[in-house]
Amino acid sequence: MSPASSVLEHIRERFSDHVLETLSFRGDDTVVVKRDALLSFMRFLRDDPEMSFDFLMDVTAVDWLEREPRYEVVYHLYSSGKNRRLRVKTRVPDDDPEVETVTGIWKGANWFEREVWDMYGIRVKGHPDLRRILMYDGFEGHPLRKDYQKDLRHPTVPSLDFPDPEKDVRRVIKATDLMRGSGREEGAQEPEKD
Amino acid sequence: MAKNDSSDGLGSPILLTRFEKVLSWARKYSLWPLPFGTACCAIEFMAVVGTHYDISRYGWEVVRFSPRQADLLIVAGTVNYKIAPALKTIYEQMLEPKWVIAMGACATCGGFYNNYSVVQGVDRFIPVDVYVPGCPPKPESLIDGMMMIKEMIEKGEPRARESWEEKWKERYEK
């Protein structure tokens, strides 16, 4: 057994009301935090001199399907000054799949959060540019959800499998459209003006 | 010998076939490939163009990234629904006569990806003349595939493009 992590202890002291769970397994520290406290907790992680997690390495999500709450959004943090890592999770229910954006704390969260929206359909409140990032316009649904129908296709060109463009092809995209970038998705918010 | 009754003296059908032969001889030694590289197959393609395998032995080394200047489209890698319109546009922009090689498992049938994003073979939406198996194929395999194209040109074999409409109609009417 590894000794209790000082980072986790410090977090438990400061955020006892908001931390649901902490876990330390073979040197990997994990904190599960309440969704309401996510932003203040993240800001603390970046700004507190004991913490100073200055680098957001990754944001992703997990769909547990049968669990309640159904989703977990996972943040991986790194402190370059202290050479430490921390995993922060927050749980999101199926009937209100939304988290607040951390782009105000780490700018690099922008594209990660778009991916979370695109793949899992978890809305990111306050995100400056919430569009799909990997899938194309005309794609419906969020393919990494565990209940996504596995043989569902959204063809973009008429093909032998989908010969009738009128009927089968959701929207035929021109190559130039791809380069220009596409319109905003539902749930997107206008970027704030500086 | 057919009767020659044209005034320019070139109306004989024998002359015409010879012209075709000369043309195909020139064509088969000067294929300009366009690599549509989206995955590891493209790395193998680089090896084929490189000095060790050296396709310039056959006169095929002039790799063109403009569809207007290429006669052989090599689809090397996974093609998903997002990029498919781009590939179709590139194919349509190529000038006749044109040939297509589907290189590797992904381009021929989707490979091990059968999911929401990957087209199950580029022959679903563009006609393919030669399929090269492998994941990725060895450089020798691709050269073998190109040799088949060369043979097709030499013998004047019909391209997949010519029976493509039929195939489409058949599928559509089903």
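Reader: Which residues touch the most other members of the largest nonpolar core?

Author: This is a predicted model. The largest nonpolar core has 45 residues, and those touching the most other members are B:L73, B:I74, B:V75, B:I101, B:A102, B:M103 and B:V122.

Reader: Which elements of chain B each supply at least two residues of this core?

Author: Strands β1 (33-37), β2 (72-76), β3 (99-103) and β4 (130-132) do. So do helices α2 (40-49), α3 (84-93), α4 (104-109) and α5 (139-155). Apart from this core lies another, of 28 residues, including A:L45, A:V102, A:V116 and A:M119.

Reader: In what order do the elements of chain B run?

Author: From the N terminus, the order is α-β-α-β-α-β-α-β-α-α. That is six helices and four strands. Of the 174 residues of chain B, 34% count as buried. Among contacts with a separation of 6 or more, 77% join residues 24 or more positions apart.

Reader: How is a pair of packed helices described?

Author: By the angle between their axes and the distance between the axes. Here, the axes of α2(B) and α5(B) come within 9 Å and cross at roughly 75°. So α2(B) is roughly perpendicular to α5(B).

Reader: Which residues make that contact?

Author: From α2(B), B:E44, B:F45, B:A47 and B:V48; from α5(B), B:P139, B:L142 and B:I143. By class, six are nonpolar, none polar and one charged.

Reader: One last residue. Is B:K28 buried or exposed?

Author: B:K28 is buried, because 20 other C-beta atoms lie within 10 Å; 20 or more is the cut-off. B:K28 belongs to helix α1 (residues 13-28) of chain B.

Reader: What does B:K28 touch, not counting residues up to four places away in sequence?

Author: B:K28 touches B:K150, B:I153 and B:E154. B:K28 and B:K150 are 122 residues apart along the chain, yet their C-alpha atoms are separated by 5.1 Å.

Methods: Residues numbered from 1 in each chain as written. Chains lettered and ligands numbered in written order. Predicted model: local features only at pLDDT ≥ 70, side-chain atom pairs only at ≥ 80, totals over all residues. Core = buried A, V, L, I, M, F, W, Y, C linked by C-beta atoms within 7 Å. Buried ≥ 20, exposed ≤ 12 C-beta atoms within 10 Å, placed from the backbone. Axes fitted to C-alpha atoms, helices over the stretch in contact; angles between N-to-C directions. Parallel < 35°, antiparallel > 145°, perpendicular 65-115°, else oblique. Contact = placed C-beta atoms within 7 Å. Nonpolar A, V, L, I, M, F, W, Y, C, P; charged D, E, K, R; others polar.
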